[in-house]
Amino acid sequence: MRVVILGCGGFVGSHLLDNLLRDESYLIEGWDPEDRKIRQHLDNPRFTLHRSIANAPEALVEVERAIRECDVVVNLAAICNPADYNTRPLSVIRANLFEVYPIVELCAKYKRWLVSFSTSETYGRTIASYLPAGTYDDPELYELREDETPLIMGPIRNQRWTYACAKQMTERLIYAHHDEEGLPFTIIRPLNFFGPRMDYIPTRDGDGVPRVLACFMAALLSGEPMQLVDGGQARRTIVSIYEAVDAIRRVLERPETSQNQIFNIGNPNNEVTIAELADAMRRTYARITGDARYNDHPIVVTTADAFYGAGYEDCDRRMPDISKAERLLGWVPRMSLAEVLYGTMQSYHDTYTAPKAA
Ligand code: UDP
C-alpha cells in the first residue's frame with residue numbers, strides 16, 4: 001500500500017511510522033519540516049521524507065504527484081495545542097483550515113482516499129454543561145456519538161474555539177466533497193492520545209505551554225507545582241498511543257468498512273478529571289523513581305486567564321461512544337490508565353533524566 005503521510009514527524013506520525021514500517025507491504029512518502037521523532041526511519045528504503053510542510057507553494061507540485069500515485073493520504077499536519085488556540089488564533093485557523101484546503105482539493109481531484117485527523121473538539125462542549133447540575137447522569141446529554149451528537153461551541157470572543165471551528169469546517173469540506181463528488185474519506189476524532197514523544201518539556205526542548213501530560217511531567221521534573229486550571233474539574237478520557245495507532249492501521253486495512261465514516265478513537269474506561277490525573281501522575285512518578293516524596297508533589301489551583309490568557313474556555317467532558325470503531329474495525333482499547341501513564345512517564349523520565357552525552 002502506498003501511503004502519503006502529511007505531518008509525519010509529530011507525535012502521532014512518529015508512532016504511525018513505527019507501526020507501519022514494521023510491515024514490508026507499506027511504502028510511505030511523508031512531509032514534515034521536523035525529523036527529531038522519526039530519525040530511526042530515515043534510512044528505511046520504504047520511507048521517503050520531504051523536509052517541508054506539505055502545503056508550502058514549492059512543495060505542492062511534489063505533493064500533487066505523490067497524491068496522484070498513492071492509495072491513501074493520511075493528513076496529520078495541524079496546530080493542535082490548546083495554548084495556541086486563543087493566543088495565535090490566525091495561525092490556528094490557517095493551519096487547520098486554509099492550509100488543509102489544497103490537500104483536500106487534490107484528493108478530490110484524483111479521488112484519492114483521504115484519512116483526515118480531526119479532533120474531539122469538533123463536538124465542543126456537551127449539552128449537559130449548559131443544563132442544571134446533575135444532568136451528567138444522562139449519557140444522552142454528554143456522550144459523544146459520531147453521527148448524532150450536535151456540535152456546540154462557545155462565542156466568538158472565546159477564541160479557544162478557533163481550533164474546533166477550523167477542524168469542523170475541514171470535516172464539512174471533506175464531507176461535502178464526498179457527498180457531491182464521491183471523494184472517499186475517513187475522519188478520525190482522537191480523544192486524548194497519551195504516549196512517549198507526545199510533547200516537549202518547556203525550557204528543555206521547547207518553549208511555551210504544551211498539553212497537560214507534558215505540563216505535569218515538567219512540574220515533576222523541575223520540582224515546580226502542578227497547576228490545575230480552574231480547579232482541574234474538566235474530564236478527559238485517555239487512550240494509549242499504541243492502541244490508537246492500531247486503530248489507524250485497522251482503518252487503512254479495512255477500506256470497505258472504514259471509508260466514508262467518522263470514528264471516535266478513545267477509551268471510555270479511562271475517564272479522569274484533570275485533578276485526578278495530576279494525583280495519578282504524581283503517584284506514578286513516585287513508583288517510577290522509587291522516591292515516595294513525589295506522592296505529595298505540590299498541586300496548585302490557577303485560573304484559565306492566568307494560565308492560557310483571555311479567551312480560553314474548556315471542553316467540559318469528552319466521553320466517546322466507540323461502538324462504531326468496535327463494530328467496523330474490531331477495535332477495542334484495553335490498556336488501563338495506570339498502564340498508559342506508567343509507560344509514558346517512564347519514557348519521559350528516561351529521556352529527560354538521562355545523563356547528557358559528553
Ligand atoms: N490543564 C491543567 N494544567 C496544565 C495543563 C492543562 O489543568 O498544566 C488542563 C486544561 O485546562 C484542560 C486539560 O488539562 O482542562 C487538558 O488539556 P490539554 O492541554 O491536554 O488539551 P485538551 O485535552 O484540552 O485538548
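1. Which elements each supply at least two residues of the lining of the largest cavity? They are β5 (113-117) and α6 (161-181); helices here are DSSP runs of H or I with at least four residues, strands are E runs of at least two, and both are numbered from the N terminus. α6 makes the largest contribution to that lining, four residues.

2. Before going on, some ground rules. This is a predicted model, where local features need pLDDT of at least 70 and side-chain atom pairs count only at pLDDT 80 or more, while totals for chains, interfaces and linings use all residues. Residues are numbered from 1 along each chain as its sequence is written, and side-chain values use heavy atoms, with hydrogens and water left out.

3. Back to the cavity. Searching the whole structure turns up one cavity of 30 Å³ or more, and the largest cavity holds about 50 Å³ of space. On a 1 Å grid over the protein atoms alone, a cavity is a set of points where a 1.4 Å probe fits but cannot get out, whereas a pocket is an open set with protein on both sides within 12 Å along at least five of seven lines; lining residues have an atom within 4 Å of a point. Grid points are joined across faces, edges and corners, and a volume is the space filled by probe spheres set on the points. Among the residues lining the largest cavity are Asn75, Phe117, Lys167 and Glu171.

4. Now the ligand. There are 19 residues around it, with Asn192, Gln227, Val229, Arg236 and Asp314 coming nearest; to count, a residue needs a heavy atom within 4 Å. α7 (212-222), β9 (226-229) and α11 (304-308) each give at least two residues to this shell.

5. A polar side-chain atom of Asp314 sits 2.5 Å from a ligand oxygen atom. For Asn192, a polar side-chain atom lies 2.9 Å from an oxygen atom of the ligand, while Val229 uses a backbone N or O atom, also 2.9 Å from a ligand oxygen.

6. α7 and β9 show up again in the second largest pocket, each supplying at least two lining residues. That pocket has a volume of about 300 Å³. Of its 18 lining residues, Pro202, Cys215, Ala218, Ala219 and Ser222 are the closest to its centre. α7 gives the most to this lining, with six residues.

Note on methods: Polar contact = N/O pair within 3.5 Å; in protein donor to acceptor, adjacent residues only side chain to side chain.
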